[in-house]
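Thanks for coming. I will go through one structure, starting with a sheet and ending with a single residue.

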Amino acid sequence: MAIPKIKKQDVLDALKYIDENGVPFHNQSTKYELVSEEGKKYPPKYVIAVADHIANGTDISVEGFNAVEAKTYLQGQGFDIQIKQEKYELTITAEAVTSTDERFTMDNLSLGDGYKPLDAYFKRANGEVVKRSYSKGERRNSNQTMPRIACQIFEKQISALSIEEKEGFPVCKYNPESEMICGIYASVDEYKKHRNTLEYLTYGYDNGRQFVIYCWNIFSTVIFVQECLRRFGDAGDQFILTYREKDEKESEAESEATVQEELVQQFKGYRNPYSSVLIESKNIIFRGAPGTGKSYLAKEIATDIISNGYFDDYTMLTDEQRKQVEFVQFHPSYDYTDFVEGLRPRVNEDGSMGFELQDGVFKKFVARARKNYEDSQKSKEEIQRRNRKGSICSEDDRRLSG
């Protein structure tokens, strides 16, 4: 089996042909998709077959080569090939749990090990949709998102339960033969007295108080969410979870995340032991020859602290979060005045040399941090008024300079 003799231009012509004529039902892709720059999606095998027809005058046929060969060839030509992922939707009401995936069953919630959450939300009977109000550093669309929304929606009702009612609150029953896992606890320590595992989520509320419940895979809290609807919800309320199958790499990453979670607990909520040290001491000095990883470690620690211990990969920070980090590389000609404040040489309009006072990188960073703090004490309306005033002044300045 081999790809027919075709060129990249033949493939581009094939995409135009498919745009005009469509794809026969029996040639629809089942695993891979070619995604164009415009976001259009095409079945790779059929694209090759049409390109062969255009280039060599053959009948359009996908026989003679397989999907992997088509994918590999098109990727080699610079085309974007993605794995086709079918999305499923799980609907939870007080009365029933249903899914568009025919394989789903409440008698085997362990199936959730193989799925990845894409979205989750609460839908009131009147149609209003409520999403998760994420806390700083909280990962979007994790296995914990749906139960966290349930805690968010029914926080007052859950907190009002007695200790006995909380400890007896049903959370998960993987199959008819397994035990019902119960309990909403006030701390991780309390949780571990009943179930000494790392398979839990914490929901913070009311200035330091917590709900801690068992949570493992994407389906492990379905019973907990449904019980919340039964006890506290209105008729017609529902939770919606959208998900897809995991690929192999995602399954491996989740196993690594479990190990990492244990380290987070050991290091006072952070992934790196130096993060909690820096929080307490405000200053750490690493010594070592060039190339031994000091700068890399500094990025890890900064990311760890900013994300509240959720991850330590600097590339995962949002643009807004990266504004909280500054890196300064010192060298022999770099001194205190460059770092904080000092006189810098400048060329005057007449060509003569002079000096001017300039802020260093640290002073600029402190000024930005102070401004952020001051803004946090103001209302949104005050900030918007200041920004509008600044825009008007800038416009006036441009007119004056013109």
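This is a predicted model: local features need pLDDT of at least 70, side-chain atom pairs count only at pLDDT 80 or more; totals for chains, interfaces and linings use all residues.

Strands β6 and β12 (residues 238–245) run antiparallel and are joined by eight bridges.

Which strands does it contain, and in what order? There are five, arranged β5-β4-β12-β6-β7, and they form an open sheet with antiparallel pairing. At the edges sit β5 and β7 (129–130), each of which pairs on one side only.

Two helices pack on this sheet. Helix α4, residues 145–153, touches β4 (88–92), β6, β7 and β12. The direction of α4 makes about 20° with that of β6. Helix α8, residues 222–232, touches β4, β5, β6 and β12. For α8 the angle is given against β4, and it is about 40°.

Next, a pair of helices. Helix α1 (residues 8–21) packs with helix α2 (residues 44–56) at an angle of about 105°, and their axes are 8 Å apart. Angles of 65 to 115 degrees count as roughly perpendicular, so α1 is roughly perpendicular to α2. Which residues make the contact? From α1 they are Asp10, Val11, Asp13, Ala14, Leu15, Tyr17 and Ile18. From α2 they are Tyr46, Val47, Val50, Ala51, Ile54 and Ala55. Sorted by class, the contact has eleven nonpolar residues, two charged residues and no polar ones.

Now the single residue, leucine 111. Where is it? Leucine 111 lies in the loop between β5 (97–99) and β6 (115–123). Leaving out residues up to four places away in sequence, leucine 111 touches Arg103, Phe104, Thr105 and Phe219. The C-alpha atom of leucine 111 is also 9.5 Å from that of serine 220, although the two residues are 109 apart along the chain.

Last, the chain as a whole. The protein chain has 15 helices and 14 strands. It has 402 residues, and 35% of them count as buried. Among contacts between residues at least 6 apart in sequence, 58% join residues at least 24 apart. The chain exposes about 24800 Å², with 50% of that area supplied by carbon and sulfur atoms.

Technical notes
Residues are numbered from 1 along each chain as its sequence is written. Side-chain values use heavy atoms; hydrogens and water are left out. Axes are lines fitted to C-alpha atoms, for helices over the stretch in contact, and angles run from 0 to 180 degrees between N-to-C directions. Helices (H or I, at least four residues) and strands (E, at least two) are DSSP runs, numbered from the N terminus. Angles under 35 degrees count as roughly parallel, over 145 as roughly antiparallel, 65 to 115 as roughly perpendicular and the rest as oblique. Contact means heavy atoms within 4.5 Å. Ala, Val, Leu, Ile, Met, Phe, Trp, Tyr, Cys and Pro count as nonpolar, Asp, Glu, Lys and Arg as charged, and the others, Gly among them, as polar. Two strands pair if DSSP finds at least two bridges between them. Buried means under 20% relative accessible area, exposed over 50%, partly exposed in between (1.4 Å probe, protein chains only). Accessible areas come from the Shrake-Rupley method with a 1.4 Å probe; for residues, only the protein chains shown count as cover.
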